[in-house]
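Subject: Handing over the structure, with notes on what was found

Dear colleague,

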Amino acid sequence: NGFGKRLAARGDPSEWSGGGVDAPDMERGALTPRGRWELKTGRKKFTAQSLLASPRSPSAGHQARLATSQAQSPPPKWGLHARGRAARMDMGMAGSLEAEAAAGPAAEGESDPALLPRGPRAFYEARSYESQWLLTRMIAFGVVANDCYQKLLDYLEASAYPIPAPVRAYKLDFRWAAAYQNIRFLVLVCVALWAIQIEQEGGPEVLKLVALPRPSAGEGEIVVRNRFSGVNFIDTYFREGVYKAPLPHQLGAEGAGEVVEVGAGVDGFAVGDAVVYLGTQNTYAQYAVASAAKAFKIDPATIPLDIAAAALVQGLTAHTLVTRSYEVKSGDWVLVQAGAGGTGRLIIQMAKAFGANVITTVSNKEKAEVASKAGADHVILYTEESVPESVKKIVPEGVHVVYDGVGKATFDGSMQSLRRLGTMVSFGNASGTVPPVRLLDLSPKNLTILRPQLYGYIVTDEERQRHMGALVELLSQKKLDIHVFKTYDLADVAQAHIDLQGRKTTGKLLIKID
């Protein structure tokens with residue numbers, strides 16, 4: 001009808017029933033028997049945080065009025081108008097979205113879409129009278145037809161904001177008792193981000209897609225609109241509780257995307273810069289806060305965002321292992337357990353670049369081909385032959401160093417493959433944590449053993465810049481072959497963890513974040 005046409009055209013609010021009312025003043029709405037809106041003001045304000053809380057139930061007064069109304073008239077046919085309805089609809093929670101409109105006129109240039117974060121929040125933050133009034137009106141009364149809701153989503157997608165599937169699939173409920181749920185959902189669209197969170201430790205089933213408030217940059221920080229996040233074994237360690245973190249918490253150690261906010265005291269970054277960064281278990285999300293000291297600007301034309309995200313944690317791990325845990329030299333013999341995996345392939349490539357002889361282990365012939373292409377000189381199928389015996393056939397005295405990211409299942413064989421004065425670098429727990437080691441077991445061959453962690457090697461700014469700079473340089477010069485095995489949607493992270501821990505992969509796993 002005419003009301004709907006004006007809504008779709010985003011017409012002058014003064015033409016609508018109820019008159020033109022600024023969004024911040026729309027505290028209560030009531031529908032009279034003539035089907036006309038009556039607006040009342042109130043003192044209570046509802047912030048985005050309160051709307052993100054659990055929906056409240058209708059009050060006893062509301063239920064009584066509804067029962068009286070239903071006894072006096074037949075059920076309404078809700079649409080853009082509610083006609084002939086002797087009912088009262090007390091919303092009581094419209095409010096202003098975080099009172100943003102009350103903040104006054106936008107700063108110069110703020111309404112420029114290129115300078116705003118993408119999505120519905122930008123649509124609202126533009127603070128134009130028309131868009132603000134329209135969106136708040138839609139949220140406040142929950143009587144917008146679903147086709148108009150879809151038009152809003154189409155408008156946002158046309159503004160280069162990809163609408164998540166849960167948002168696109170949502171259907172507005174026009175019953176008055178569901179109005180709060182409509183508001184809560186639409187506020188989520190406006191001010192929230194989609195992220196993966198766990199509320200308890202366990203298997204892949206504990207990974208949940210949730211809506212959370214979008215973060216802001218603090219001093220020394222930037223906010224990144226993530227496009228890709230890498231999947232790493234350390235994510236599974238946090239999920240399972242091997243590494244402890246307060247619950248609930250997010251996951252993700254690396255991400256790549258564009259800067260959308262720069263905090264105080266940050267130099268060298270600007271809104272729109274493409275970056276790759278180390279996260280704090282927070283990159284499985286549309287937006288994430290990152291320390292500016294742990295971010296690195298990249299040129300997407302040289303290093304695409306997916307390659308940057310795929311290479312960061314595993315690339316830094318490989319680089320610190322071959323330069324710090326044991327400094328690989330020309331002529332060394334190196335054993336890499338699980339050489340077809342993401343980190344294993346990079347260790348092989350870097351060790352070969354330093355002139356080493358590389359032996360690696362894999363589970364099948366397909367993975368053997370992957371490891372050979374990465375540069376391995378010898379490939380052992382550990383499912384068909386003894387690793388220590390096969391190593392001794394290749395180099396009787398044993399290898400100088402073993403890089404073992406598998407853990408419990410391969411530890412003993414790795415130790416037996418070392419020569420006198422050899423170094424055992426155990427850097428992962430893919431098959432489980434390694435049992436306690438007797439120090440006396442190291443004595444017969446005077447072995448050295450380490451259990452390093454990447455973040456222990458990149459504590460200072462100098463260390464981070466040295467290793468990240470070296471990695472970016474190798475990527476820019478195309479000296480590293482980054483193999484992305486599979487890319488998953490954010491909602492499919494659980495399957496990514498299943499595949500990773502099932503050792504079904506031959507390269508890096510990525511999450512594509514819309």
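By class, how many nonpolar, polar and charged residues does the lining of the largest cavity have? Before the answer, please note that this is a predicted model, in which local features need pLDDT of at least 70 and side-chain atom pairs count only at pLDDT 80 or more, whereas totals for chains, interfaces and linings use all residues. Residues are numbered from 1 along each chain as its sequence is written, and side-chain values use heavy atoms, with hydrogens and water left out.

The lining of the largest cavity has 18 nonpolar, 15 polar and three charged residues, where Ala, Val, Leu, Ile, Met, Phe, Trp, Tyr, Cys and Pro count as nonpolar, Asp, Glu, Lys and Arg as charged, and the others, Gly among them, as polar. A cavity here is a set of points, on a 1 Å grid over the protein atoms alone, where a 1.4 Å probe fits but cannot get out, and lining residues have an atom within 4 Å of a point. Grid points are joined across faces, edges and corners, and a volume is the space filled by probe spheres set on the points. By this rule there are nine cavities of 30 Å³ or more, and the largest has a volume of about 690 Å³. Its lining is made up of 36 residues, of which Phe233, Tyr237, Thr343, Gly405 and Phe427 are the closest to its centre.

Three helices, α9 (233–240), α10 (305–325) and α11 (342–353), each supply at least two residues of that lining, and α10 gives the most, with five residues. Helices (H or I, at least four residues) and strands (E, at least two) are DSSP runs, numbered from the N terminus.

For α10 the partner is α15 (residues 461–476), at an angle of about 110 degrees and with the axes 10 Å apart; axes are lines fitted to C-alpha atoms, for helices over the stretch in contact, and angles run from 0 to 180 degrees between N-to-C directions. The pair is therefore roughly perpendicular, a term that covers angles of 65 to 115 degrees.

The axes of α9 and α16 (residues 493–501) come within 10 Å and cross at roughly 110 degrees, which makes α9 roughly perpendicular to α16. Phe233, Asp235, Thr236, Arg239 and Glu240 of α9 meet His497, Leu500 and Gln501 of α16, and these residues divide into two nonpolar, three polar and three charged.

Helix α11 packs with α12 (residues 365–374) at an angle of about 30 degrees, their axes being 8 Å apart. Arg345, Ile348 and Gln349 of α11 make this contact with Val370, Ala371 and Ala374 of α12, a set of four nonpolar residues, one polar and one charged.

Finally, some backbone details. Most residues other than glycine have a negative phi, and most peptide bonds are trans. Leucine 247 and proline 248, however, are joined by a cis peptide bond with omega of about -5 degrees, and proline 248 is found in the loop between α9 and β6 (249–250). Asparagine 446 has a positive phi of about 50 degrees and lies in the loop between β15 (418–426) and β16 (448–450). Lysine 478 also has a positive phi, near 60 degrees, and its place is in the loop between α15 and β17 (484–489).

With best wishes

Technical notes
On a 1 Å grid over the protein atoms alone, a cavity is a set of points where a 1.4 Å probe fits but cannot get out, and a pocket is an open set with protein on both sides within 12 Å along at least five of seven lines; lining residues have an atom within 4 Å of a point. Angles under 35 degrees count as roughly parallel, over 145 as roughly antiparallel, 65 to 115 as roughly perpendicular and the rest as oblique. Contact means heavy atoms within 4.5 Å.
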